[in-house]
Amino acid sequence: MAKNILITGGAGFIGSHVVRLFVNQYPDYRIINLDSLTYAGNLENIKDLENAANYSFVKCDIRDTAALEAIFLKENITDIIHLAAESHVDRSISGPMDFITTNIVGTANLLDLARTHWKNKEEHVFYHISTDEVYGSLGAEGFFTETTAYDPKSPYSASKASSDHLVNAYAHTYGIPVKMSNCSNNYGSHQFPEKLIPLMINNIRHNKPLPVYGTGENVRDWLWVEDHAKAIDVIFHKGKVGETYNIGGWNEWTNIDLVKLLCQIMDTKLEREKGTSEQLITYVTDRAGHDMRYAIDASKIKTNLGWEPSIQFEEGLEKTVSWYLANEKWIDAITSGSYKDYYLQHYSEE
Ligand code: NAD
Ligand code: DAU
C-alpha cells in the first residue's frame, strides 16, 4: 500500500529534521507536514524542501477536529508520526493550558481519527514521539528504562505522560497499531533559542548574561537531533507494534559544565581571549520543581534495532555552534519578532 505519512510538528526543531530525512530518504512516500506554526514553528526550518515532489505543508491546529479530519480524509493518511506539541518546560510553568489542550486533546484528536477511519488497522502505524521527562527525576544513580514507572513533575511532562497513556489506551482498547519513543534532550540546528544550548550561544554572541538555574548541578543526557531523527526512522520501519523505545545519548552533563564547554567553544570561534565568555555566567532563581537528573538507558533500541548515537558530544556541539553562527539571520529574526518580548522578559537585562 502506498504510504501517505502525516508528520505533525514538522516546522519545529526535531520535526523539521524528521521531515527532511523522510522526504529525502523515501521518495516513494508522500510526506504531509502538518503544523499550526506557533511561535516555535518556522517554515524557514524546511525551506529546502519546498519544491520536493513528495512533500507538502499544511497549516492546521491539531486541536481543530474538523480541519484535521478534512486533511486526514483528503490526503488519505495511512500513517502518523506525531511530534506537534508545546515543548518548553518554563512556558508550561507560566502558562500550562496550551500544553494541556495541544499535548493531550490534540493527541486524542489524532488517535480518534485513526480509530474512526483506519479500517484494516494492521496496515497502518501511529507513531507517538514522547520524552524521558515522563519518568520524573533521577537521583545520582540509575537510568530510565522502558519499564520505569511514570512520575511526571511539570505541567509539560504531565501533559506528555497523559498523551502517552492515551496512545497506549487506544492501542489496547481499539487495536490501533502504535509505536512510541521517549527521548532525552536534543541539540543541533534549528532549535528555538529559548532552550538551553541555543539560548546560551545567542547570549554569548551578544555578551549578555548566561542565566544558569539554581546551582547548575542539574544533569541532562544530550543527543544530536539528527541521531534522534535516524532513531525515529528505524523505529517507524523496524520497531515492533505496541512497543516503546527509549532513545538517549549516553551523554550526561551538568548544566554548568555544559555552559562552560560552550563558552570555551565560543571563545575560540569568536576569537575572544580564553575565559571571556565564562564571565557572563550568572546564577539565577531555580526553575520551579526543577527535575534534578535525566539519564536514558538506550540498550533496548541498540540490541533490538541496531541504533546508537553516531557522533561525540564535543563534535556535535561544535557543529551546532557553527550552524548558529553561520545562520545569524535565522536567530535574529526569531529574537526580534513576536518572541522578542518573552525573550527580553526572561533572558536579558536589556
Ligand atoms: P518545538 O517546540 O521545536 O516544535 C513543536 C512544533 O509543533 C512547532 O512547529 C509548533 O508550531 C507545532 N505545534 C505546536 N502546537 C501545535 C498545534 N496545536 N497544532 C499543530 N502544530 C502545533 O518542539 P521540539 O523540541 O521539536 O519537540 C518535538 C516533539 O519531540 C515534542 O512532542 C516533544 O515533546 C518531543 N521531544 C522533544 C525533545 C527535545 O529535546 N526538544 C526531547 C524528547 C522529546
Ligand atoms: O528531556 C527531554 C526534554 O528536554 C524535552 O522533552 C523538552 O521538550 C525539552 O525542552 C528539554 O527539556 P529541558 O527542560 O531539560 O530543556 P531546557 O533546554 O529548557 O533546559 C535544560 C536544562 O538547563 C534544565 O536543567 C534547565 C536548565 N536551564 C535552562 C534554560 C533555558 C538553565 O539553567 N538556564 C536556562 O536559561
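## Two ligand sites in a predicted model

An oxygen atom of ligand 1 is 3.0 Å from a polar backbone atom of phenylalanine 13, a polar contact being a pair of N or O atoms within 3.5 Å (within protein, one must be able to donate a hydrogen and the other to accept it, and residues adjacent in sequence count only if both atoms are side-chain atoms). The model is predicted, so local features need pLDDT of at least 70 and side-chain atom pairs pLDDT 80 or more, while totals for chains, interfaces and linings use all residues. Residues are numbered from 1 along each chain as its sequence is written, ligands are numbered from 1 in the order in which they are written, and side-chain values use heavy atoms, with hydrogens and water left out.

| Residue | Ligand atom | Distance |
|---|---|---|
| Isoleucine 14, backbone N or O | ligand 1, oxygen | 2.8 Å |
| Threonine 102, polar side-chain atom | ligand 1, nitrogen | 3.0 Å |
| Aspartate 132, polar side-chain atom | ligand 2, oxygen | 2.6 Å |
| Tyrosine 156, side-chain N or O | ligand 2, oxygen | 2.6 Å |
| Arginine 287, polar side-chain atom | ligand 2, oxygen | 2.6 Å |

Around ligand 2 there are 24 residues, counted when a heavy atom lies within 4 Å. Thr131, Asp132, Tyr156, Arg287 and His290 are the closest. Domain 1 (4–186 + 222–247) and domain 2 (188–220 + 252–288 + 312–345) both contribute to this shell, so ligand 2 lies between them; the domain bounds come from an automatic or database assignment.

Ligand 1 has 29 residues around it, with Ile14, Asp35, Ser87, Tyr156 and Lys160 nearest.
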